Amino acid sequence: MYVNVLIETRVKSNDMTFTYKVSKEFQEENLIGKRVLVPFANRIVEGFVLEYTNKTDDYEIKRIYKIIDEERVLNDELIGLGKFISEKYLCSLVYAYQAMLPKALKANHKISYNAKKLMYVKLNEDVKEYDVNIKSQLEIINFLKDNKEVLKKEIKSKSSLKKLIEKNIVIEYEKEIYRNILNDSDIKNIVLTEDQMNVSNRIKDNLGKSKTMLLYGVTGSGKTEVYIDVVKEVLKHGKTAIILVPEISLTPQITARFKGVFKDEIAILHSSLSDGERYDEFRRINRGEVSVVIGARSAVFAPLKNIGIIIIDEEHSESYKQENNPRYNTLDIAMKRSSTYSCPVILGSATPTIESFARANKGYYDYLELSKRVNEKPLPKVTIVDMKSEIRKGNKTFSEKLLNEIQDRLEKKEQVMLLLNRRGYSNYLSCQNCGFVFKCPNCDITLTYHKTSGMMRCHYCGYATNKKETCPECHEASLRQIGSGTQKIEEEISNMFPNAKVLRMDADTTSKKGSHHKIINEFNDGKYEILVGTQMIAKGLNFPNVTLVGVINGDSSLNIPNFRASENTFSLLDQVIGRAGRHDKEGEAIIQTFNPEHYSIIDASKHDYKAFYKKEMLIRKKLNYPPYCFITLIKISSKDFNYGIEEAKKINAFLRNNLSETTSILGPSMANILRVRNNYNFQVLLKYKKDEKLYDALNELIKIYEGNSRIKVELDFNPINL
């Protein structure tokens with residue numbers, strides 16, 4: 001008996017399996033989808049068994065060394081899904097499978113994780129009479145009569161327990177337990193509004209069909225309640241559900257809502273879990289012990305069977321696009337699984353992507369709408385503050401209007417959220433005497449100063465160094481901090497309002513396990529009056545007592561050289577504005593900006609997505625950007641600048657000779673950040689509506705540069721950032 005095993009060779013053209021012989025001791029079990037240890041060249045490697053084969057060659061075939069898994073880690077559907085990913089994104093097949101699995105189950109992973117097992121004891125049911133006179137032994141027997149099974153460590157008299165085990169009166173055994181994941185349960189009696197019921201019924205009418213449905217619902221319109229109602233119906237029919245959220249910070253609240261309804265039917269998958277926890281959750285799903293999976297991007301690969309619905313909440317979020325190889329789009333994976341299981345995909349958002357809304361308008365997606373907040377509560381009143389005039393008054397960071405409103409909310413015992421989409425204390429340190437700026441030695445980026453650690457850090461490569469007191473160029477003690485980050489905002493607002501308790505939520509304060517959960521709960525419980533944070537506080541969070549939202553620099557994302565800059569700005573502002581006034585009290589938002597006339601800011605202040613959509617579509621059409629075309633980004637990086645740019649020119653020439661004339665080829669150009677981790681980065685951008693030559697040309701391009709250690713060429717289909 002022989003099997004074909006896929007191993008990691010790091011070469012796309014070597015995406016092939018290797019044949020190994022199965023020893024008699026392994027022939028009774030189904031090996032497909034399991035990891036195995038096999039000899040390859042002069043080493044032992046891990047791989048995935050993909051199929052059985054009868055084909056043999058003249059040369060001697062080596063045997064499988066070891067079967068790693070007791071259960072399959074890749075079922076038949078996931079094996080097919082991996083092939084789909086490899087073909088669609090032109091990535092290595094083994095990388096596609098690795099992306100589906102938690103760290104503990106990836107092939108070629110050197111750290112192994114085992115099931116967590118504990119020793120239990122119970123009475124031997126076959127023993128009817130107990131020949132025991134010793135008091136401590138009788139106490140153990142009586143205790144076990146009242147409890148079917150007990151942890152061995154809970155029995156105090158170890159010697160008496162040992163005697164009972166020797167007499168076969170008590171049986172000891174090992175039992176697997178899952179690692180406990182901290183979860184709250186938010187039990188609420190859900191009564192849908194008429195609008196919510198209409199939307200829910202339309203989704204229910206399409207259960208059992210493979211289609212995509214866009215649910216556009218303003219912030220606070222109760223999309224989560226609709227999700228729960230639909231999932232109830234899905235489970236009634238014996239099917240399963242996947243609910244995706246973009247940020248780990250959203251997971252505790254939405255999980256609590258679902259757990260309050262579905263109890264232990266829920267599994268959670270996101271990167272904030274420990275490796276052991278993700279290992280356990282994956283196996284719970286794989287064993288069919290749960291019916292609902294909630295998680296971030298990678299949860300789209302959850303090994304559920306008989307999927308009845310896939311929900312992508314906050315579908316506009318950039319985090320649904322994988323930025324590392326394989327660069328998959330979560331929606332593509334969801335739609336593929338939708339086709340496999342004949343189930344709908346629901347895209348929910350108050351600010352859908354321009355592409356999704358355009359497809360809904362064209363009829364490619366079914367369109368659903370929740371245009372009002374629950375109980376028709378008003379959307380927050382929004383004030384735009386022109387910071388140019390505020391600076392002339394001497395107000396550099398906080399406008400007079402924002403400070404007055406914060407004071408008003410504190411006096412009313414209400415809560416405030418402040419958004420600044422930049423972590424750290426200051427943007428960078430600069431010398432007032434000579435103009436020197438501290439930059440990362442590995443990247444063309446300034447170092448961000450973090451006051452709590454006293455370090456200057458690069459947010460690209462992780463380089464860090466202690467803050468300097470004098471300029472290394474002119475040696476003068478004339479360094480000043482330029483710009484503000486969330487740390488500085490937290491400090492300044494604490495000084496201005498010394499009686500208010502201020503909490504910060506950003507990548508620095510949420511790096512520890514359970515920190516998202518802790519921050520959200522403490523703010524929700526009213527232990528803090530003001531929450532300062534980056535974009536992770538903008539989406540999906542629901543705090544009843546928040547009545548004021550302040551945006552410190554509303555146009556920061558407009559300055560990013562990306563055709564999606566206006567869309568990202570509108571989305572971020574509209575989402576964070578929607579955190580205010582979600583319950584009984586009315587909400588207000590203040591947007592501080594240097595571009596008060598920009599349409600993305602004006603339309604966000606009016607909660608008018610459709611007006612913004614029309615303006616943005618006109619610009620996209622003129623510039624020929626999605627949804628009027630597809631784009632593919634070819635990333636070229638090399639440690640040698642001159643070699644990199646010359647090869648980028650050759651790539652441009654190759655594509656001009658091998659693609660259709662209707663495809664626009666832009667570049668080569670330097671990437672927005674030329675040097676990252678001492679690699680120089682260039683890019684070529686393709687714009688096309690349809691090009692039958694595209695995949696053949698890109699496949700050939702990959703093969704040309706395989707094995708070339710001097711240059712790295714990568715593909716990104718429909719990238720988020722250019």
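Predicted model: local features only at pLDDT ≥ 70, side-chain atom pairs only at ≥ 80, totals over all residues.
This talk walks through some local features of one protein structure, from salt bridges to helix packing and backbone details.

Residues are numbered from 1 along each chain as its sequence is written, and side-chain values use heavy atoms, with hydrogens and water left out.

Let me start with the salt bridges. By a salt bridge I mean a side-chain nitrogen of Lys or Arg within 4 Å of a carboxyl oxygen of Asp or Glu, and by that rule the count comes to 44.

Another salt bridge brings the side chains of K103 and D275 together, with 3.9 Å from N to O. K103 lies in the loop between helix 2 (93–100) and strand 6 (117–123), and D275 belongs to helix 8 (residues 275–286), so this pair ties together parts that are 172 residues apart in sequence. Both ends count as partly exposed, K103 with 36% relative accessibility and D275 with 23%.

D408 is partly exposed at 24%, while R409 is buried, with a relative accessible area of 6%. These two residues also belong to a network of salt bridges that links K401, E405, D408, R409, K412, E414 and E588.

I turn now to a pair of helices. How do helix 18 and helix 19 cross, and at roughly what angle? The axes of helix 18 (residues 641–658) and helix 19 (residues 694–705) come within 10 Å and cross at roughly 150°, where axes are lines fitted to C-alpha atoms, for helices over the stretch in contact, and angles run from 0 to 180 degrees between N-to-C directions. That makes the two helices roughly antiparallel, a label for angles over 145 degrees, with those under 35 counted as roughly parallel, 65 to 115 as roughly perpendicular and the rest as oblique.

As for the residues involved, E647, K650, I651, F654, L655 and N658 of helix 18 meet A697, L698, E700, L701, I704 and Y705 of helix 19, contact here meaning heavy atoms within 4.5 Å. The residues of this contact divide into eight nonpolar, one polar and three charged, where Ala, Val, Leu, Ile, Met, Phe, Trp, Tyr, Cys and Pro count as nonpolar, Asp, Glu, Lys and Arg as charged, and the others, Gly among them, as polar.

Next comes helix 14 (residues 515–524), which is mostly covered, since seven of its ten residues are buried. The buried residues are S515, H516, H517, I519, I520, E522 and F523, and they pack against helix 7 (251–262), strand 17 (415–419), strand 23 (502–505), strand 24 (530–533) and strand 25 (546–551). After helix 14 comes G526, whose phi is positive, near 80°.

Let me finish with the backbone. N325 and P326 are joined by a cis peptide bond with omega about 0°, and P326 sits in the loop between strand 13 (307–313) and helix 9 (330–341). The peptide bond from G667 to P668 is also cis, with omega near 10°, and P668 is placed in strand 28 (residues 664–676).

Positive phi values, near 55°, occur at A41 and at H607, each a residue other than glycine. A41 is in the loop between strand 3 (35–40) and strand 4 (43–53) and is exposed, with a relative accessible area of 59%, while H607 is found in the loop between helix 16 (599–605) and helix 17 (609–623).

How values were computed: Helix = DSSP H or I, 4+ residues; strand = E, 2+ residues; numbered from the N terminus. Buried < 20%, exposed > 50% of the residue type's maximum accessible area, 1.4 Å probe, protein only.
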